[in-house]
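Good morning, and thank you for coming. Please look at the model on the screen while I speak.

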Amino acid sequence: MSLVFGNKESMLSELEANLKSGGIKYVDRQKQKIFGDYQYPLAFINDSSESRTYILTDCIKVEWTIAVVAYALAGTTPSTSVNSLISIVKSGIEADITLGGNAYNTRIIRIDTDEGFAYPNCMALFTVVISYLSED
Amino acid sequence: MTDSTRTSILSAISGVIEQVSSVNTVVCSNGNVMIETYKASDLPLVQIVFNRETPLYETSHHAMWEISFELTCYVLGGIEDTVENIIKDIKDAIGANQTMNQTCVITEIVSVNIIGDFPLWKLIFDMRSKYEKGVADA
């Protein structure tokens, strides 16, 4: 019986592509800072932590936590803007929970917002857990 | 049936299961194997553990015993056709070799349970069999 083992770089690339097709105009997983004239809404993907459970010596069940930090322009209706931003990012993350067949589940476990402090932007931080199998 | 001992029965059962092409490893143990010490290529792995043993009758020279045992097959992957196929393969092997090389008679497959969590599943066959032995060996 063949199993699919996940590749982290592929998963991040898939997530990046899914967020873009969901409506995020700029996605970066290498740089984590807004500068220049990036287009909104934009999102940064941050690698966080891994929890590993050994099923066999060469089959490890990994729960990989990443943070997606998304920004939009708040405009005159910051609350509506942040809700719209959340909706776009959610649909992007949930578009393919296998991330190109690498993972067996992807779920958003928490969403935090800037609570108005990032004005004139609005910001939402998504804590996402990707479950996949690793050989090492 | 010939006069049998627990060891000869165990060896005969494992011999039959080893012939199942979809099973890669057979382990006879007195308890659960530490499955996390095995590799993916060792699976499907079958573990055979004897449970309760009860005398059915005894004469001056001979005794018949009922012995129950658990045959656990560890399978890696999605719970799909492959799992069902392994159950079928094991059932077929037992059905075709019910006397297990004359050491015992498999009288009943009491139950087959699938437990576990993705990606590791345990297919547990609860089995009963009878065997004979000279009283002197009891």
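This is a predicted model: local features need pLDDT of at least 70, side-chain atom pairs count only at pLDDT 80 or more; totals for chains, interfaces and linings use all residues.

Gln102(B) sits in the loop between H2 and E4 of chain B; helices here are DSSP runs of H or I with at least four residues, strands are runs of E with at least two, and both are numbered from the N terminus. The phi angle of Gln102(B) is near 70°, a positive value in a residue other than glycine. With 14 C-beta neighbours inside 10 Å, Gln102(B) counts as partly exposed. A residue is termed buried if 20 or more other C-beta atoms lie within 10 Å of its own, exposed if 12 or fewer, and partly exposed in between, with C-beta atoms placed from the backbone.

Residues are numbered from 1 along each chain as its sequence is written, and chains are lettered from A and ligands numbered from 1 in the order in which they are written.

Met100(B) lies in the loop between helix H2 (81-96) and strand E4 (105-117) of chain B. Its phi is near 45°, again a positive value in a residue other than glycine. Is Met100(B) buried or exposed? Met100(B) is buried, with 24 other C-beta atoms within 10 Å.

Two peptide bonds also deserve attention. Most residues other than glycine have a negative phi, and most peptide bonds are trans. The bond from Leu43(B) to Pro44(B), however, is cis, with omega near 0°. Pro44(B) belongs to the loop between strand E1 (25-28) and strand E2 (45-58) of chain B. In chain A, the bond from Tyr40(A) to Pro41(A) is cis, with omega near -5°. Pro41(A) is found in the loop between strand E1 (26-28) and strand E2 (42-56) of that chain.

I turn now to the fold of chain A. It has 2 helices and 5 strands, and from the N terminus on the order is α-β-β-β-α-β-β. The radius of gyration of chain A is 16 Å, close to the 14 Å that the globule rule gives for 136 residues, so chain A is as compact as a globular protein of that length. That radius is taken over C-alpha atoms, and the rule is 2.2 Å times the number of residues to the power 0.38.

Which strands pair with E5(A)? Strands count as paired if DSSP finds at least two bridges between them. Strand E3 (residues 59-73) of chain A pairs with strand E5 (residues 121-134) in the antiparallel sense over 14 bridges, and Ala67(A) stands opposite Thr127(A). Strand E4 (residues 103-113) of chain A is joined to E5(A) by 9 bridges, also antiparallel; there, Thr106(A) has Ile130(A) as its bridge partner.

Next, the core. A nonpolar core is a set of buried Ala, Val, Leu, Ile, Met, Phe, Trp, Tyr and Cys residues joined through C-beta atoms within 7 Å. The largest one holds 61 residues, of which Val68(A), Ala70(A) and Val89(A) touch the most other members. Leaving aside neighbours within four places in sequence, Val89(A) is in contact with residues including Leu19(A), Ile24(A) and Phe126(A); contact requires C-beta atoms, placed from the backbone, within 7 Å.

Finally, the interface: 13 residues of chain B are in contact with 10 residues of chain A.

Note on methods:
Two residues are in contact if their C-beta atoms, placed from the backbone, lie within 7 Å.
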